[in-house]
2 protein chains.
Amino acid sequence: MGRPPTPLLSTDRIASAAMELVNATGGFTMPDLARKLQVSPSSLYNHVSGRDQIVELLRERAMSEVRLPDDQPDRPWTAVVAEVLGSYRLSFARYPRLIPLLTAYPVSSNDAIRMYNILAVTLRRAGFDAADSLRAITLMDCFVLGSALDVAAPEEPWKSGAEVNPEFAEALATGVGNPDRADDAFEFGLAVLLRGLSPG
Amino acid sequence: MGRPPTPLLSTDRIASAAMELVNATGGFTMPDLARKLQVSPSSLYNHVSGRDQIVELLRERAMSEVRLPDDQPDRPWTAVVAEVLGSYRLSFARYPRLIPLLTAYPVSSNDAIRMYNILAVTLRRAGFDAADSLRAITLMDCFVLGSALDVAAPEEPWKSGAEVNPEFAEALATGVGNPDRADDAFEFGLAVLLRGLSPG
């Protein structure tokens, strides 16, 4: 009698195993996933409809630490955007290798859509039209995902060598030994974005 | 006598096999690479010093279509930056799954350093100090790498469903059926960046 030797298969266990594979190797296939969980590939399909659904489960995990502010129509739009993008970046920075997988699939998880809804309503209220709202959201996505990858970059992302010219060497020197280099660059970039975006 | 049955091992063949693995699976290990090339892992080390060098070889391939303008000190800095970033994005968009691997290793290839040298000298001439030059270059990197991932995104990156609010639905509708959606968003984002960066 006793307990079964391995925990029962569930969407949660499937997502965890897929995330481990992505973190270790950069991707996952259904056969790899079945092997890792010691089940047959067909038994995976009793719990998930396929690869697409697993990617959405991983997207939900990547989003799990995004904090969405309550709707406050009187708050400056720049403050709402800054708050959302800041937590979006840190939440995704936990899974850098997952990022190209997520961008290769259409977003459908409700957690993600809720974030984009807030950005869209905030931008429309600020005076952006529908087309510019989509462009601005795309810009924010590109900036945040690139910045999430930068969090996982080596402490010194460029090696200073013979080929580095004096201007670039001087710029690099300002980042050396600064553990906040990536955070500092993100705050700078965010300010640039918000300044450049101003509809007024 | 005749030809040997497989081509001789070379750094070029190693890089090509590593790129195929990254494109197919999201990453590579030295044992996978040896298996793919039908050689022993130790024979790889007769041609490359290790994983780091292979990543730099892949970075050079990702950079191979970046066009660097001749130095023209009188040209507006925004035109130089726009030209460099435009070709940087398209060159990297060919290898989306490679991107998190490249950002995880320090940049040392000369091809890449030449691009950063041009950006650094252009920004200094425009009036940015050394610290802001590094921040601006980091912002450009994050924006371009995120935008390169967006080139590989599905034609409709978001699925319109019940959870989408009217503002986001209206924004999404402006991108539907537009094959230039990603290019259009990149041009918009680039203009925002350059406007927000202006040192004046």
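Helices (H or I, at least four residues) and strands (E, at least two) are DSSP runs, and they are numbered from the N terminus. This is a predicted model, in which local features need pLDDT of at least 70, side-chain atom pairs count only at pLDDT 80 or more, and totals for chains, interfaces and linings use all residues. Residues are numbered from 1 along each chain as its sequence is written, chains are lettered from A and ligands numbered from 1 in the order in which they are written, and side-chain values use heavy atoms, with hydrogens and water left out.

Select residues 8-66 of chain A. UniProt, in an unreviewed entry, places the feature "domain: HTH tetR-type" here; its positions are given in the numbering used here, feature names are shortened, and annotations may be inferred rather than shown by experiment. Over residues 8-66, chain A is 68% helix and 0% strand, with the end C-alpha atoms 30 Å apart.

Next, select residues 29-48 of chain A, the place that the unreviewed UniProt entry gives to the "DNA-binding region". Residues 29-48 of chain A are 60% helix and 0% strand, and their end C-alpha atoms are 14 Å apart.

Now select A:Q38, in the loop between α2 (30-37) and α3 (41-44) of chain A. Although A:Q38 is not a glycine, its phi is positive, at about 55°. Is A:Q38 buried or exposed? With a relative accessible area of 68%, A:Q38 is exposed (buried means under 20% relative accessible area, exposed over 50%, partly exposed in between, with a 1.4 Å probe and protein chains only).

Finally, move to B:Q38, in the loop between α2 (30-37) and α3 (41-44) of chain B. B:Q38 has a positive phi near 55° while being a residue other than glycine, and B:Q38 is exposed, with a relative accessible area of 69%.
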